Amino acid sequence: MTEAAAPLTRTTEWQALADHQQTMKAVHMRDLFDRDPQRFERYFAEAAGLSLDYSKNLITDDTLSHLMALARRCGLPAKIEAMFRGDPINNSENRPALHTALRNLSAEAIEVDGRDIMPEVRSTLARMEEFVWRVRSTQWRGFTNKPFTDVVSIGIGGSFLGPKLVSASLKPYWHGRLNCHYVANIDGSHITEVLRHINPETTLFLIQSKSFRTQETLENTRVAREWFLHNGGSEERIGKHFVAVTANTPEAVRFGIAEENIFPMWDWVGGRYSLWSAIGLPTALTIGMDNFRALLSGAHAMDKHFRTAPLEQNLPVLMALLGVWYGNFWGADAHAILPYDHYLRGLPAHLQQLDMESNGKCVTRDGTPVDYETGPIIWGGAGANGQHAYHQLLHQGTRLSPADFIIPLHTHNPVADHHAILFANCLSQTQALMRGKTEAEAVRELEAEGLDQAAIKQLAPHKVIPGNKPSNTLLFERATPRTVGALIALYEHKTYAQGVIWDVDSFDQWGVELGKQLGKDILTRLLDSNSAEVSTDSSTDGLIQLFRNHHLNGF
């Protein structure tokens with residue numbers, strides 16, 4: 001086997017990183033900062049309105065050199081271009097992944113199967129603009145001629161998490177009269193609670209399903225439809241209140257959605273990358289099309305940066321390679337997303353799907369089992385709340401979990417010194433993770449408090465913080481539509497870049513499909529007492545019988 005065809009872990013670049021990690025094990029970040037007063041300036045990058053401080057990482061110039069060599073060995077520059085060009089990089093489904101086309105604000109043509117898709121993308125944006133104007137200007141009204149006051153978006157996965165994140169992130173830009181609600185969970189409590197507080201005369205439903213076969217979405221839509229019909233609506237009036245976004249127009253029409261109320265989706269857009277399409281209609285309705293276009297422009301600016309910037313200055317590439325460094329050479333199996341902005345509190349949930357559904361794979365693109373770790377567990381929550389909860393594990397736990405701290409320089413809602421306090425909390429956490437506290441420092445603190453030597457000896461070990469825990473700090477002026485667009489696109493591209501390094505298909509999700517397949521058979525057995533008895537495993541069989549005893553037998 002030639003070296004060019006060597007498995008990833010047997011390349012010279014991978015081995016060089018493994019050797020370098022052994023050297024770095026003896027290095028502490030506080031020493032790196034002490035030796036290099038210019039460390040912040042050297043490990044700082046900017047693009048599309050975002051600034052990345054990655055100086056608080058276990059890296060030197062040699063580390064970055066080795067990581068860049070690995071990226072080039074894996075053909076990252078060519079594969080970035082392949083994505084933008086429309087090559088079928090989703091190889092298990094033989095499709096391109098062209099979410100970037102949805103926010104392509106240039107005149108560049110983008111072809112799929114020899115056909116330029118940009119006219120259709122622009123046409124859909126124009127349809128969205130007309131629809132949003134009609135609803136927001138009250139030209140489109142409900143069946144009693146009242147303006148809409150509520151929008152209910154029914155979807156799941158990417159049709160739910162992405163638009164919900166953006167809507168919440170841009171709450172300061174909401175139309176004052178329209179309230180947006182999201183329904184995803186098949187637990188009936190979710191849709192029941194939403195329907196309880198809205199008026200059928202003034203509610204618009206958006207049904208978001210690429211396939212129009214997703215069980216949770218269809219069942220929730222049926223409930224919404226029946227609720228509408230039993231509360232003054234009629235079959236003839238459904239067209240005024242139900243709109244769909246789907247790639248399966250015939251199925252949506254059969255379901256009862258008027259064809260003129262159906263917006264398109266395309267096979268070359270995955271659900272978790274779809275918020276830039278008509279799936280973003282609930283966002284556009286709440287913030288307006290001008291702001292929605294600004295969201296697209298921020299993502300487009302990040303697209304241009306990812307496509308053209310040298311790897312050494314490329315924000316998504318830098319973040320991706322740092323993740324590879326910790327996941328594959330330091331044993332980190334998790335990565336924390338910590339937005340210090342109340343409006344961005346939904347970011348960890350969106351990035352969980354984006355990253356874990358994309359790179360949670362155990363075979364390479366050609367079907368060979370991997371012999372290295374791939375996608376990390378993504379977790380996190382809003383700062384500074386987490387400092388009083390799970391940050392304890394970050395500081396003194398035995399597990400390594402690199403963290404991204406995300407904070408605006410300005411808040412939409414200045415209250416006293418709140419934002420300065422929030423900013424101080426964010427910086428203090430990254431500093432504490434980096435520096436830690438030595439035993440000598442702990443002893444000096446306790447001595448200053450007047451404790452005797454016996455108490456100091458007993459308490460000091462508990463106050464030692466190892467430090468040397470890596471973090472990135474992402475900053476931007478304010479959470480505007482443009483910066484939010486750039487931020488989400490940054491993480492999309494980071495995810496793809498890591499998928500390239502690991503040689504996995506970041507755009508399929510066969511693990512998700514297995515649960516759907518098995519769920520259909522189980523549902524039949526749960527609801528039909530006459531269904532054929534099929535033995536699967538004792539646990540599943542026993543739990544099915546337990547459910548049937550409580551439901552079919554009247555317990």
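1. Let me start with helix H21, which spans residues 538–551 and contains Phe 547. This is a predicted model, so please read every value below as computed from it. Phe 547 has a relative accessibility of 31% and therefore counts as partly exposed.

2. Phe 547 also belongs to a nonpolar patch on the surface, together with Leu 523 and Leu 527. The accessible area of these residues together comes to about 260 Å². Membership of such a patch calls for over 30% relative accessible area, and Phe 547 is at 31%.

3. The largest nonpolar core holds 114 residues. Phe 131, Trp 268 and Tyr 491 are the residues with the most contacts inside that core. Helix H19 (residues 481–502) supplies the largest share of this core, with 12 residues.

4. Tyr 491 deserves a look of its own in your viewer. Setting aside neighbours within four places in sequence, Tyr 491 is in contact with Met 319, Ile 337, Leu 351, Leu 354, Asp 404, Ile 406 and Leu 474.

5. On to the rings: the structure holds 20 aromatic pairs. One of them joins Phe 160 and Tyr 182 in an edge-to-face arrangement, with 6.4 Å centre to centre and 65 degrees between the planes. Phe 160 sits in helix H7 (residues 158–169) and Tyr 182 in strand S6 (residues 179–183), so this pair links distant parts of the chain, 22 residues apart. Both Phe 160 and Tyr 182 are buried.

6. Another edge-to-face pair is formed by Trp 379 and Tyr 390, at 5.1 Å centre to centre and 80 degrees between the planes. Trp 379 lies in strand S11 (residues 377–380), while Tyr 390 lies in the loop between S11 and helix H15 (391–396), so the pair ties together parts 11 residues apart in sequence.

7. Are the two partners of that pair buried or partly exposed? Trp 379 counts as buried because its relative accessibility is 19%, and buried means under 20%. Tyr 390, at 25%, counts as partly exposed.

8. Finally, a group of rings to display together: Trp 14, Trp 325, Phe 329, Trp 330 and Tyr 372 are linked by ring pairs into a cluster.

Methods:
Residues are numbered from 1 along each chain as its sequence is written. This is a predicted model: local features need pLDDT of at least 70, side-chain atom pairs count only at pLDDT 80 or more; totals for chains, interfaces and linings use all residues. Side-chain values use heavy atoms; hydrogens and water are left out. A nonpolar core is a set of buried Ala, Val, Leu, Ile, Met, Phe, Trp, Tyr and Cys residues joined through side-chain atoms within 4.5 Å. Buried means under 20% relative accessible area, exposed over 50%, partly exposed in between (1.4 Å probe, protein chains only). Helices (H or I, at least four residues) and strands (E, at least two) are DSSP runs, numbered from the N terminus. Contact means heavy atoms within 4.5 Å. Patches are made of residues with over 30% relative accessible area and no salt bridge: like charges are joined within 9 Å, nonpolar side chains (Val, Leu, Ile, Met, Phe, Trp, Tyr) within 5 Å. Accessible areas come from the Shrake-Rupley method with a 1.4 Å probe; for residues, only the protein chains shown count as cover. A salt bridge is a side-chain nitrogen of Lys or Arg within 4 Å of a carboxyl oxygen of Asp or Glu. Rings of Phe, Tyr and Trp (its six-membered ring) pair if their centres lie within 6.5 Å; planes under 30 degrees apart count as stacked, over 60 as edge-to-face and the rest as tilted.
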